[in-house]
Amino acid sequence: MRDAQAINLSWLLRLRWGAVVGQAAIILGAHFGLGMTQRLGPLFATIAVAAASNAALGLWARRERPIRERLLWAVMALDVVLLTVLLDLSGGPFNPFSALYLVHIALAAVVLRAGWTWGLTVLAIACFGALFVDHLWFPSRGSELSSAHHPQHHIHDVRMHLEGMWAAFALAAGFIVYFVQRVTRALAAREAELVEARAAAARHEKLTALGTLAAGAAHELSTPLSTIAVAARELERQLARTGAEATALEDVQLIREQVSRCRDILTQMTSDAGASQGESMVELAPAALVEEALEGLPERERVRTELDARTREERELVPAHAFARAIRGVVKNALQASAPGTPVRLGLVREAAEWRLTVEDAGEGMPAEVLARAGEPFFTTKAPGEGMGLGLFLTRAVLEQLGGGLVLRSTPGRGTTVVLTWPAGGLRQSAALPPGASRVKPGA
């Protein structure tokens with residue numbers, strides 16, 4: 001993830017290359033196109049200094065050293081000095097392109113803190129004032145401005161000067177708007193990445209807490225649940241020997257069933273939460289992963305699978321059991337959401353850089369408020385006993401560990417589509433990433 005100063009430096013490099021090209025074009029246009037004689041040697045030597053410094057700065061930035069704010073200020077200060085030299089060689093304060101000082105000040109206000117910005121502002125004011133000293137107050141080449149000394153900016157040539165001011169204003173405005181908008185968008189994208197990383201880290205913490213909670217609950221409740229089960233069994237035998245009413249026996253049997261269900265829930269929570277974090281990786285074809293997920297699934301015949309040919313040819317490194325359990329949970333949700341006998345579509349394709357698994361049901365869909373909370377732990381719209389609201393949460397956790405993501409799309413009355421993605425080819429590297437650094441695609 002790139003920091004703010006690295007983003008600022010990357011766009012400053014681009015702007016400086018644009019300035020080098022633009023300055024060269026303006027000088028050549030004035031010299032050859034408008035017939036305004038320019039001192040090409042010194043002018044292009046100054047531009048060469050800017051180009052060389054930008055090339056060196058670009059090479060240095062690729063070494064991924066920390067980008068300091070003072071470096072950005074030094075680069076902008078150098079640009080102010082070089083602009084002053086160019087203006088001094090081409091008319092001094094009479095050159096309408098002195099408006100470009102405002103470009104540097106505006107950029108400093110965007111990318112630097114107040115102290116650095118004011119420092120650059122003072123430097124620009126001093127450099128602009130130096131042009132007056134050299135060309136008006138204490139001219140070094142004569143006491144009067146004449147066409148022999150400044151043929152390109154004669155003081156009486158008001159029309160050309162005003163036209164130049166208009167062109168300089170348009171150029172400065174274009175640079176300011178373009179750079180500020182691009183930097184703002186880049187910083188907004190960085191903030192979005194930070195939000196996604198924080199959300200992924202929060203989900204990872206919830207998953208860890210869930211595993212700890214489930215393991216602790218299973219340990220603490222195992223003894224009392226076993227005691228209740230034994231006592232209920234003994235009570236059932238005693239009632240059977242004494243010829244008790246059938247309703248009493250049914251109540252005792254119900255107690256035993258519910259105790260067994262409690263133990264199964266605790267076992268499942270412990271298994272799911274722990275497996276999604278600690279399972280070892282194995283190599284297998286994505287098609288085999290889907291087949292393992294669908295094996296033994298009730299109403300398996302309703303699932304219409306569409307597998308890309310490459311799903312059987314390529315092999316990936318994945319936590320097979322946790323991943324298959326995640327896919328199975330998504331398909332099971334789709335089957336439960338669809339009407340009896342209605343097919344559910346499962347498609348798996350290999351795209352340029354990732355695998356994309358899509359599960360589509362023909363159910364009633366989800367309203368916006370439910371869709372926004374789908375994937376939260378223990379949030380479910382199912383009837384009691386049909387689910388704990390952990391399926392999507394654990395599925396997303398598994399995918400994030402692989403560098404993938406999960407996207408939900410649903411429209412009331414038109415069903416729900418769940419899209420699971422994970423990297424192709426480079427999965428071995430992605431699997432080693434911490435969850436907080438993985439690519440996250442929250443529900444949409």
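Author: Axes here are lines fitted to C-alpha atoms, for helices over the stretch in contact, and angles run from 0 to 180 degrees between N-to-C directions. Helices (H or I, at least four residues) and strands (E, at least two) are DSSP runs, numbered from the N terminus. The model is predicted: local features need pLDDT of at least 70, side-chain atom pairs count only at pLDDT 80 or more, and totals for chains, interfaces and linings use all residues. Residues are numbered from 1 along each chain as its sequence is written, and side-chain values use heavy atoms, with hydrogens and water left out.

The pair is helix α3 (residues 69–89) and helix α4 (residues 101–111), whose axes lie 10 Å apart at an angle of about 175°. That angle makes α3 roughly antiparallel to α4, a label given to angles over 145 degrees, while those under 35 count as roughly parallel, 65 to 115 as roughly perpendicular and the rest as oblique. On the α3 side, the contact (heavy atoms within 4.5 Å) is made by Glu69, Met76, Asp79, Val80, Leu83, Thr84 and Leu87. Tyr101, His104, Leu107, Ala108 and Val111 make it on the α4 side.

Now the surroundings. The protein has 13 helices and seven strands. Among its contacts between residues at least 6 apart in sequence, 75% join residues at least 24 apart. Of its 444 residues, 39% count as buried; buried means under 20% relative accessible area, exposed over 50%, and partly exposed in between (1.4 Å probe, protein chains only).

Helix α12 (residues 391–401) is largely enclosed by the rest of the structure, because 10 of its 11 residues are buried. Among the buried residues are Phe393, Arg396 and Glu400. Just after α12, Gly403 takes a positive phi of about 85°.

Another helix, α6 (residues 158–242), holds Glu236. Glu236 counts as buried because its relative accessibility is 11%. Leaving out residues up to four places away in sequence, Glu236 touches Leu249, Val252, Gln253 and Arg256. With Arg256 there is also a side-chain to side-chain polar contact of 2.6 Å. A polar contact is a pair of N or O atoms within 3.5 Å; within protein, one must be able to donate a hydrogen and the other to accept it, and residues adjacent in sequence count only if both atoms are side-chain atoms.
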